[in-house]
Amino acid sequence: MSAGPALTPESLNEIPLFSTLSPAQCEVLLERHLQSKHAPDQTFVLEQDWGESLFVLCSGMAKVRTYTSDGDEIVMSVLGPGDVFGEMAALEGGHRSADVVSLTPVVVVKLRANPFEALISKEPSFAMSFAKLMAQRLRDLNLRFAIQSSDATTRLLNSLAYLAVRSTKDKQVTSAIPLLAQRELGLLAGLSRETTSRTLSKLKSKGTIVEENDSLLIKDLNALIKRGLLPNSHR
Ligand code: CMP
């Protein structure tokens with residue numbers, strides 16, 4: 001399968017995390033990189049494996065998942081274009097903390113950990129961008145934690161907004177969300193498939209979301225604002 005246009009130092013530089021680096025530093029990061037294209041349901045990183053590389057997701061979406069001791073799948077996060085994964089084990093020199101699995105067709109680039117770690121130590125602006133990415137991940141998890149006992153509509157709307165922001169590089173809540181299987185949506189929202197299906201139908205019939213060209217779009221931002229899922233400034 002062709003891996004699409006090669007990731008150049010210039011295109012790496014356009015990804016927010018790497019935007020403070022010079023073209024020469026991006027070139028060092030890309031030394032001996034491997035770019036590949038994959039179908040949905042491919043596992044790139046396996047929980048408990050030893051990990052010495054990190055990855056840039058160039059296109060498509062992937063989920064970060066683990067399993068409970070009862071064998072139930074838990075989706076911790078969804079990654080989209082421009083996201084980095086595998087950096088935790090690469091930086092800690094330890095095991096992978098979760099599986100990372102493609103949800104859609106994806107293009108990924110595998111990078112060596114050493115140059116990444118060296119740049120984090122040497123470049124305060126790069127370390128700051130990385131800290132902001134980690135803070136955003138924590139903020140996302142905090143919100144999902146805070147609403148875990150909220151009603152199904154709130155949880156599903158939050159997951160849809162989260163997916164919209166992650167599905168394109170412009171990071172907008174109004175971006176098109178790829179039509180993922182309802183099971184995936186339910187896993188992200190922590191809802192059963194039946195509740196997910198019922199709640200989605202309700203949101204569609206109210207016009208809060210619409211299905212268009214194989215995507216979902218959030219049309220009514222007030223539904224998010226009144227549930228505290230989006231600041232008032234979006235009104
Ligand atoms: P690593 O532990 O090497 O392998 C699994 C990867 O999943 C991890 O690095 C991170 O890149 C990513 N990951 C783990 N937890 C989260 C999270 N809560 N949000 C986003 N990404 C995560």
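**Pockets, ligand shell and cavity**

Helix 5 makes the greatest contribution to the lining of the largest pocket, supplying twelve residues. The structure is a predicted model, in which local features need pLDDT of at least 70 and side-chain atom pairs count only at pLDDT 80 or more, while totals for chains, interfaces and linings use all residues. Residues are numbered from 1 along each chain as its sequence is written, and side-chain values use heavy atoms, with hydrogens and water left out.

On a 1 Å grid over the protein atoms alone, a pocket is an open set of points with protein on both sides within 12 Å along at least five of seven lines, a cavity is a set of points where a 1.4 Å probe fits but cannot get out, and lining residues have an atom within 4 Å of a point. Grid points are joined across faces, edges and corners, and a volume is the space filled by probe spheres set on the points. Helices (H or I, at least four residues) and strands (E, at least two) are DSSP runs numbered from the N terminus.

The largest pocket holds about 1100 Å³ of space. Its lining comprises 47 residues, with Asp83, Gln136, Arg137, Asp140 and Arg166 closest to the centre. At least two lining residues come from each of strand 5 (73–79), strand 6 (84–85), helix 3, strand 7 (99–102), helix 5 and helix 6 (152–167). By class, 27 residues of this lining are nonpolar, seven are polar and 13 are charged; Ala, Val, Leu, Ile, Met, Phe, Trp, Tyr, Cys and Pro count as nonpolar, Asp, Glu, Lys and Arg as charged, and the others, Gly among them, as polar.

A polar side-chain atom of Glu87 is placed 2.7 Å from a ligand oxygen atom, and a side-chain N or O atom of Arg96 lies 2.8 Å from an oxygen atom of the ligand. A polar backbone atom of Met88 is 3.4 Å from an oxygen atom of the ligand. The protein buries 94% of the 460 Å² that the ligand exposes when taken alone, with accessible areas from the Shrake-Rupley method and a 1.4 Å probe, and for residues only the protein chains shown counting as cover.

The second largest pocket contains about 370 Å³ of space. Arg144, Gln148, Leu188, Ala189 and Gly190 lie nearest its centre, among 18 lining residues. Strand 5, helix 5, helix 6 and helix 7 (182–189) each give two or more residues to this lining, which divides into ten nonpolar, five polar and three charged residues.

One cavity of 30 Å³ or more is found in the whole structure. The largest cavity holds about 40 Å³ and is lined by Lys63, Val75, Val78, Leu103, Leu163, Leu180, Glu184, Leu185 and Leu188. Strand 5 and helix 7 each give two or more residues to the cavity lining, with the largest share, three residues, coming from helix 7. Seven of the cavity-lining residues are nonpolar, none polar and two charged.

Technical notes. A polar contact is a pair of N or O atoms within 3.5 Å; within protein, one must be able to donate a hydrogen and the other to accept it, and residues adjacent in sequence count only if both atoms are side-chain atoms.
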